[in-house]
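Please read this briefing with the sequence and the structure side by side. It is written for a reader who is new to protein structures.

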Amino acid sequence: VILALLIALLFVGGVAAGVAGRWRPAAARWISLAALGADLVLAASFLGLRTAAGDEWILEVSWPWIPRFGASIHLGLDGLSLPLVLLTLVLGLVSVLVSWKEVTRHVGFFHFNLLFVLAGVLGVFLSLDLLLFYFFWELMLVPMYLLIAIWGHEGRLRAAVQFFLFTQASGLLMLISILGLVFVHAQGGGTWTFDYEVLLGTSFSPTVGLWLLLGFLAAFAVKLPAVPLHTWLPDAHAEAPTAGSIVLAGLLLKTGGYGLLRLGLPLFPDASRVVAPVALTLGVVGILYGALLAFAQTDLKRMVAYTSVSHMGFVLVGVYAGTTIALNGALFQMICHGLSTGGLFAVAGLLQERLHTRELERMGGLWQHAPRLGGLTLVLALASLGLPGLGNFVAEFLVLFGAFRGWPAVASVAALGLVAAAVYSLWLVQRVFYGTQSEKAPVADVSPREAFVLATLVAGLLWLGIRPQPLLDGARPALEAVHAPAPAPQPSPPEVVAR
Amino acid sequence: MTGADLVALLPLLVLVAGTLATLVVVSVGSGHGRAAMATGATLVLALASLPLAAWDTPRSVTPLLVVDGLSLLFLGLVLGASLAVVLLAGRYLEGRDERPEEFDVLLLLATVGGGVLACSRHAATLFLGIETLSVGLYGLIAYPRRRRRPLEAGLKYLLLGGASSAFLLLGVALAYAATGRLDFAGWGTPLPSTAEALPLVTGGLALVVAGLAFKLALVPFHMWTGDVYAGAPAPASAFVASVSKAAVAAVLLRLSLAIDAPARLASALILLAVASILGGNLLALRQQDLKRLLAYSSVAHLGYLLVALDVPGPLAAEAVTFYVAAYVPTILVAFGVVSVLSSPPEDAQDLETYRGLLWRRPWLGGSLVVSLLSLAGIPLTAGFIGKLYVVAAGISGSRWVLLTALVVGSVLGLYYYLRVIVVLLGTAEARALPRASLAASVALVVLVGLLVGLGAVPAPLQGAIHAALQARAEPGPRGRGDHVRDGHEPQARPVRSDHDETAQPVLPHAASRLLHVRVGLHGDRGASHHLAHAAVAPIPSPGHEAHDDVAVGDDPHRPVGGLPLDHGQGGGVVGHHQLGHVPNARIRCAADGELGHDVTDLHASSSRTLAAP
């Protein structure tokens with residue numbers, strides 16, 4: 001019940017903020033803050049919970065929803081989803097805080113959309129019913145589209161439409177795959193059901209499995225993004241408002257990775273093995289290509305966007321490397337990338353607020369005016385390049401280490417990405433904070449609110465870098481289950497006795 | 001005709017009486033307000049009589065009409081949609097210089113036609129219903145007779161409507177020539193001289209479907225749709241898009257179930273569906289006229305509907321019904337907003353009129369956005385569940401071509417729905433817009449609530465549809481005829497229903513044939529502990545050896561498809577069985593089960609299709 005409350009709180013908060021915003025903008029901000037804060041406290045209280053022996057889920061709830069299809073409101077929380085839930089709520093708070101001054105038009109509607117996106121993301125991380133999963137998956141797109149299209153920058157409409165078309169089209173393929181899976185399951189003697197745990201035991205021919213997996217992959221690869229399908233990302237990230245970029249990079253991309261971990265691998269273990277070489281290649285290409293393009297950017301947000309492509313390549317490699325260590329790395333990378341990139345986008349937003357530009361050419365020499373901003377940015381950039389002691393290092397190390405055993409060539413080439421990351425990250429800091437001062441008047445340093453936001457993210461990265469073990473321990477049972485899926489329940493013979 | 005028959009026909013009778021009463025009110029000349037009131041009251045009364053009519057159903061009232069769950073459901077849809085149009089049209093009509101009372105009479109007349117179609121099971125009522133509907137529509141569309149565009153639209157609809165009626169009549173004639181029957185069920189069972197009659201029947205049915213496709217504006221019969229939607233007054237467009245589509249879809253569904261269209265007209269249906277999905281979406285892609293855009297989008301949506309119609313099995317009928325039930329409120333909201341914002345003589349149809357609507361009129365703009373999202377099939381709207389049904393039906397029938405078209409079409413559709421939403425989000429220039437009347441606001445709020453409600457909790461409507469399909473008077477193409485309630489309580493006893501037929505010779509290159517086995521179980525809801533298995537066993541006919549890959553033998557209990565039937569509300573199960581190269585094998589379908597307290601009928605039937613290569 002608490003899990004449903006987690007999501008419902010955001011929906012209610014969103015509606016309340018939307019209504020209150022018409023009356024007084026500040027109220028919308030405080031309501032959003034309160035809803036997210038309460039949710040965070042609630043979610044943090046789950047940290048103490050541990051699964052009982054033999055129980056896969058820390059918390060689980062199931063209600064009937066559409067009995068005709070065998071779909072239910074089935075939510076579950078385990079070591080894999082808990083960190084992502086926490087990340088969602090932290091970045092949600094960050095998004096509200098960075099928009100405090102930036103968003104001035106239609107404030108209520110903005111927070112309505114923001115909270116609905118976050119509710120959708122939470123729903124994706126918690127759903128154990130495939131129809132519900134798809135429902136939330138699609139649900140987060142419309143408000144995200146509106147966030148970009150209404151509050152974005154100059155090229156926002158084009159970027160928003162592109163984002164929406166890419167994700168919707170691939171989502172539809174996933175829907176077909178979901179229904180195909182359900183139908184195959186029903187033909188195998190079962191009944192119509194969308195329940196994740198029941199469908200885990202579905203057996204099908206390799207060809208069918210491959211086609212079904214491809215449908216899922218289409219959706220996840222667009223979100224992740226994997227390289228040939230990444231073209232929507234730089235536009236969407238660059239044109240979105242700061243909060244939108246943070247949510248996009250920090251959370252929406254993670255839903256793709258989460259989908260691979262939760263659905264892609266466990267549902268289709270055999271087919272996943274078949275596509276692994278291709279996926280790994282795409283991952284490595286993404287790492288290098290993203291880094292390469294990051295160099296070429298003159299727009300701060302576009303540059304950070306391309307580094308996301310590069311970092312998410314590590315996630316793809318981690319997922320398909322075939323070892324539990326690499327899976328751990330992939331999860332870790334998702335969390336750390338969420339924090340570090342979220343932070344960098346927040347910095348970009350702060351700079352844009354002050355300088356009214358995202359052009360790197362027109363920045364420079366800001367350190368003397370804003371040393372605290374510079375310092376915090378430096379830490380975030382160092383995290384992004386994978387400095388030991390910060391979370392991203394642990395993540396990338398685990399991915400490479402895990403991949404090296406089975407795929408030494410892949411790991412070796414991917415490691416080059418680390419070198420590239422070092423170069424572009426330092427270059428970023430150098431161009432913005434050092435060098436000759438731009439023509440702009442003195443720039444204000446961070447306000448306490450802004451400093452708090454960035455410091456929180458930095459603290460999170462530090463903590464993950466120094467004490468990664470609790471997160472890894474928590475996620476281990478779930479991740480081990482990914483590779484050794486529970487023995488398939490025997491397909492039940494047609495029920496003879498009526499219910 | 002008995003008293004019970006009259007009760008079952010009550011909604012239609014109320015409707016006809018109300019039409020006449022409204023005619024009297026109008027001829028007395030007491031102004032539009034009263035006429036609208038009479039119209040609304042008629043529709044409300046007819047709606048209120050639906051539960052009464054459902055009291056003793058299913059029943060056939062004369063061979064012409066049938067009142068069962070399905071017809072009551074569609075009747076409710078038609079009446080509700082008409083009522084919504086009346087409510088939404090109020091202020092639009094009052095703004096006219098001409099006498100608006102006629103609009104109400106014509107609307108009721110067209111609704112009568114729609115109601116008849118919803119109950120039709122016979123060629124006569126099919127034709128009468130279509131013509132009554134169309135005659136009403138000609139008037140509705142061309143009714144502002146001093147304006148050029150509505151007149152043009154009305155004339156186009158009249159000419160093409162006439163052509164479609166000709167198609168329909170010719171088709172009916174051919175089917176009659178071949179089968180000697182005029183009821184839909186009769187067309188489903190060819191006469192013994194199958195070989196000669198079959199092409200005639202198929203041709204006739206194809207023509208009938210073509211006639212209906214005109215009304216549904218399926219490509220290539222869609223030519224009128226853009227001009228008519230754009231030219232007609234906005235409330236009339238709303239009526240064409242909702243009531244007329246729902247009524248024709250109802251009769252098409254019933255026809256398709258009776259004649260087993262997926263088996264007999266598969267390629268034609270696939271062609272129509274793919275052409276409509278792609279054609280409609282492509283035509284809508286660059287439209288700058290909102291009414292025209294909605295017109296072409298409706299072409300595409302009817303194409304999606306055909307995807308479900310082309311699949312055999314119980315899921316298809318359910319999918320079609322739900323899709324229509326979701327589509328009607330959706331399109332009503334869209335045209336409702338157009339009606340509210342239109343002030344004669346010019347309708348608000350240029351997209352630019354809507355720039356920034358979301359900020360200028362948050363509720364109206366929001367309604368339009370919800371409607372567009374529902375058209376695009378985004379979750380939390382009824383359109384999503386509708387699309388889910390269609391995709392599920394397509395997958396269950398392995399219609400990959402159609403599914404591909406559906407995906408491509410959906411992405412195209414998304415693009416132009418987004419274009420409209422982008423315009424709604426634009427920066428507004430202050431310009432006076434008409435206000436919505438109270439009635440229109442109420443109607444819009446209810447409809448939008450319906451869209452979101454159905455999207456979040458579809459189970460009640462699904463339950464209603466499921467029950468309605470169970471309570472159908474004609475179970476299947478080769479069922480045991482009409483199921484009529486016979487009053488006595490059957491004891492729990494095992495029954496066996498066999499159905500034999502001789503398979504057609506195999507085509508030389510057909511690798512396999514699919515045999516669809518239907519089992520129907522009829523009874524009251526809540527009946528418990530019943531079970532039926534469908535089984536099929538090819539029996540080698542004398543002089544022919546059955547070949548390898550079919551398990552031939554005397555094991556009729558081998559379950560097919562493994563779909564058990566439980567509960568009295570079950571029924572219509574389809575199993576598939578692959579037939580190999582068995583020349584002239586006799587097929588026997590058997591259904592085993594137990595008849596209990598409330599279950600009245602158990603039957604098995606089969607139909608053949610050639611499996612897709």
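This is a predicted model: local features need pLDDT of at least 70, side-chain atom pairs count only at pLDDT 80 or more; totals for chains, interfaces and linings use all residues.

Residues are numbered from 1 along each chain as its sequence is written, chains are lettered from A and ligands numbered from 1 in the order in which they are written, and side-chain values use heavy atoms, with hydrogens and water left out.

**Chain B as a whole**

- Chain B contains 22 helices and 8 strands, where helices (H or I, at least four residues) and strands (E, at least two) are DSSP runs numbered from the N terminus.
- Of the 613 residues in chain B, 61% are buried; buried means under 20% relative accessible area, exposed means over 50%, and partly exposed lies in between (1.4 Å probe, protein chains only).
- Among contacts (heavy atoms within 4.5 Å) in chain B between residues at least 6 apart in sequence, 81% join residues at least 24 apart.

**The interface between chain B and chain A**

- The size of an interface is often given as the accessible area lost when the parts come together.
- Between chain B and chain A the buried area is about 3700 Å², of which carbon and sulfur atoms give 81%; buried area is the accessible area (1.4 Å probe) that two parts lose on being put together, summed over both.
- In chain B, Trp359(B), Leu388(B) and Leu418(B) lose the most area to chain A, and together they account for 15% of what that side buries.
- In terms of residues, 41 of chain B are in contact with 37 of chain A.
- The count between the two chains is 1 salt bridge, a salt bridge being a side-chain nitrogen of Lys or Arg within 4 Å of a carboxyl oxygen of Asp or Glu.
- The side chains of Arg68(A) and Glu318(B) meet in a salt bridge, at 2.5 Å from N to O.
- Several helices of chain B give two or more residues to the side that touches chain A, among them H16 (314-341), H19 (382-396) and H20 (400-425).
- H20(B) gives the most to this side, with 11 residues.

**Salt bridges elsewhere**

- Over all chains, the count comes to 18 salt bridges.
- Asp310(B) and Arg399(B) form a salt bridge whose closest N and O atoms are 2.9 Å apart.
- Asp310(B) lies in the loop between H15 (290-309) and H16 of chain B, and Arg399(B) in the loop between H19 and H20, so the pair ties together parts that are 89 residues apart in sequence.
- Both Asp310(B) and Arg399(B) are buried.
- Arg355(B) forms a salt bridge with Glu352(B); Arg355(B) counts as partly exposed because its relative accessibility is 27%, and Glu352(B) counts as partly exposed at 38%.
- A network of salt bridges links Arg148(B), Glu152(B), Lys156(B), Asp227(B) and Arg292(B).

**One residue of chain A**

- Ala28(A) lies in helix H2 (residues 25-44) of chain A, and it is buried, with a relative accessible area of 0%.
- Not counting residues up to four places away in sequence, Ala28(A) touches Ala17(A), Ala20(A), Gly21(A), Val107(A), Gly108(A) and His111(A).
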